[in-house]
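Hi everyone, thanks for coming. Today I'd like to walk you through one protein, a few residues at a time.

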Amino acid sequence: MKRGALARDREPCDDPPWGMGTGRHASRRALATAIVIAIAVAGCGSSDDKPDPGSPAASLERKIDAAQAKAKAAPTDPKPLATLAKLHFQAAGLKTGSTGEYSDDGKSELREATQAWERYVALDPDPLDTSVAQLIAAAYGPGSLEQPKKAVAVQQVIAERTHPPDAALYAQLAQKAYYAGEKQTAESAARRAIELTPKARRAAMRKTLQATRSQAPPEQP
């Protein structure tokens, strides 16, 4: 498989930030893009040159090729597909422009990541890898592939399958659902986030969720 240059090879963190600022759509997109890139790996690279065979970039390419080979050899094993989704997400984070937005090659990597994820989910893995799911939710989100309803679906799986339940994950779900125009899901997630928040911090959580609600697009008639 011929692949573009990648700048560095670092593992993504498992727990992306869930901050929900009060800026308008453009600032949300910029923040979401920054978060997505930070989850994957710092830096960016050119897609025009081949990486040095001994570089970390080339090492990442070999990992992707190895994961693809494992997935092909064991089509009923979900683990290689989860690995493949994560590696493509890393590769996407390295293919950005000077403004931090994904290049066409970066978005192509995101699509590869989501395709690997969908194949993974189709195998009904138990337990489901929620750390990879967080990356895919970001891949579908603002500043990435811009498929907000799919981002909601993935975030819902994360929130429901994380034990013990996490208020921040439900707050993220509310944020994504408001953005996608799925008000019922958003309100349900917001209530759950407040329930799970310690009493001393509930007022702050309500304020944050109210700000998120105010940014939701108007309902369609």
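What pLDDT does the protein average, and what share of the residues score at least 70? This is a predicted model, and its average pLDDT is 81, with 73% of the residues scoring at least 70.

Now let's look at helix H4, which covers residues 104-122. Tryptophan 117 and tyrosine 120 both sit in this helix, 3 residues apart, or about one turn. The count of aromatic pairs comes to 1. In that pair, the ring centres of tryptophan 117 and tyrosine 120 are 5.2 Å apart and the planes make 35 degrees, so we call it tilted. Are these two residues buried or exposed? Tryptophan 117 has a relative accessible area of 5%, so it is buried. Tyrosine 120 is at 3%, so it counts as buried too.

Next, the backbone. Most residues other than glycine have a negative phi, and most peptide bonds are trans. In the loop between H4 and H5, aspartate 124 has a positive phi of about 55 degrees, although it is not a glycine. Aspartate 124 is exposed, with a relative accessible area of 58%.

Glutamate 146 is partly exposed, at 30%. Then comes proline 164, in the loop between H6 and H7; the bond from histidine 163 to proline 164 is cis, with omega near 0 degrees.

Let's finish with helix H8, residues 183-196, where we find alanine 193. Which residues does alanine 193 touch, not counting those up to four places away in sequence? They are Ala167, Tyr170, Ala171, Met205 and Leu209. Alanine 193 has 0% relative accessibility, so it counts as buried. Its C-alpha atom is 9.3 Å from that of proline 165, 28 residues apart along the chain. And one last thing to find on the screen: arginine 192 lies over the face of tyrosine 170, at 5.8 Å from the ring centre.

Methods: Residues are numbered from 1 along each chain as its sequence is written. This is a predicted model: local features need pLDDT of at least 70, side-chain atom pairs count only at pLDDT 80 or more; totals for chains, interfaces and linings use all residues. Side-chain values use heavy atoms; hydrogens and water are left out. Rings of Phe, Tyr and Trp (its six-membered ring) pair if their centres lie within 6.5 Å; planes under 30 degrees apart count as stacked, over 60 as edge-to-face and the rest as tilted. Helices (H or I, at least four residues) and strands (E, at least two) are DSSP runs, numbered from the N terminus. Buried means under 20% relative accessible area, exposed over 50%, partly exposed in between (1.4 Å probe, protein chains only). A charge sits over a ring if NZ of Lys or CZ of Arg is within 6 Å of the ring centre and within 35 degrees of the ring normal. pLDDT is the predictor's confidence in each residue, from 0 to 100. Contact means heavy atoms within 4.5 Å.
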